[in-house]
Amino acid sequence: MNTPAGGSRAEQKRATQARILEHARRIFADVGYDRTTIRAVATAAGVDPGLVMHYYGSKANLFAQAIDTGSASLPGGTPDEVAEQLLDRLHGSLVKEPVQSLALLRSMLTHPEAARAFRSTARLDKDRIGRSIPDEDADLRAALVNAMLIGIALGRHLIALDHLADADPDRIVEILRPAVRAIVEP
């Protein structure tokens, strides 16, 4: 049965949950876990705070869903392929602000769950990258390239470093390509 506003109740529920989650991601990315409130999310989404709690149960559950990026493909293959996959991923995050990742990055220094989630994701990336590097320092090289790319995303989106914040993503990747290749292709 359709409701007067158009769409079934289930569709309206999904749309409301998606709107809440979208606003939660933005607020977590802008101010971090500690400074985000259920009331602020509800206000931004145009709903009652009780509805946010009804759908998500707690701020911690809302945060967990807000930072869930799904199953992002992990880099793999030859060192050359891994370098290009990493640069493609970086390019994408420079073109389109990765709100879910930024929510996690902004929150990881003050919220233990965010720090655990970040370490888990970084470890998966490092392990997959490391398996593709034919070198005794493969894990270190993988950790270094991961740290470099995370730092670039932080510098562009969260810190808004001069010249990096408004630089052309193609140019950034072009400049970084030799450095990334030097790290993953020993």
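**Accessibility, salt bridges and a helix pair**

Tutor: D135 has a relative accessible area of 27% and therefore counts as partly exposed. Buried means under 20%, exposed means over 50%, and partly exposed lies in between, with a 1.4 Å probe and protein chains only. The model is predicted, so local features need pLDDT of at least 70 and side-chain atom pairs pLDDT 80 or more, while totals for chains, interfaces and linings use all residues. Residues are numbered from 1 along each chain as its sequence is written, and side-chain values use heavy atoms, leaving out hydrogens and water.

Student: What makes the meeting of D135 and R141 a salt bridge?

Tutor: The term asks for a side-chain nitrogen of Lys or Arg within 4 Å of a carboxyl oxygen of Asp or Glu. For D135 and R141 the N to O value is 3.2 Å, and the pair is a salt bridge. The whole structure has twelve salt bridges.

Student: Which residues are joined with E84 into one network of salt bridges?

Tutor: Through shared partners, D80, E84, R177, R181 and E185 form one network. Within it, R181 and E84 have their closest N and O atoms 2.6 Å apart, a salt bridge. R181 belongs to helix α9 and E84 to helix α5, so this pair ties together parts 97 residues apart in sequence. Helices are DSSP runs of H or I with at least four residues, strands are runs of E with at least two, and both are numbered from the N terminus.

Student: Why does R181 count as partly exposed?

Tutor: Its relative accessibility is 26%, so R181 falls in the partly exposed class.

Student: Why are α5 and α9 called roughly antiparallel?

Tutor: The axes of α5 (residues 79-95) and α9 (residues 169-184) cross at roughly 150° and come within 9 Å. Axes are lines fitted to C-alpha atoms, for helices over the stretch in contact, and angles run from 0 to 180 degrees between N-to-C directions. Under 35 degrees counts as roughly parallel, over 145 as roughly antiparallel, 65 to 115 as roughly perpendicular, and the rest as oblique. The two helices, α5 and α9, are therefore roughly antiparallel.

Student: How many helices and strands does the protein chain have?

Tutor: The protein chain has nine helices and zero strands.

Student: What share of the protein chain counts as buried?

Tutor: Of its 186 residues, 39% are buried.
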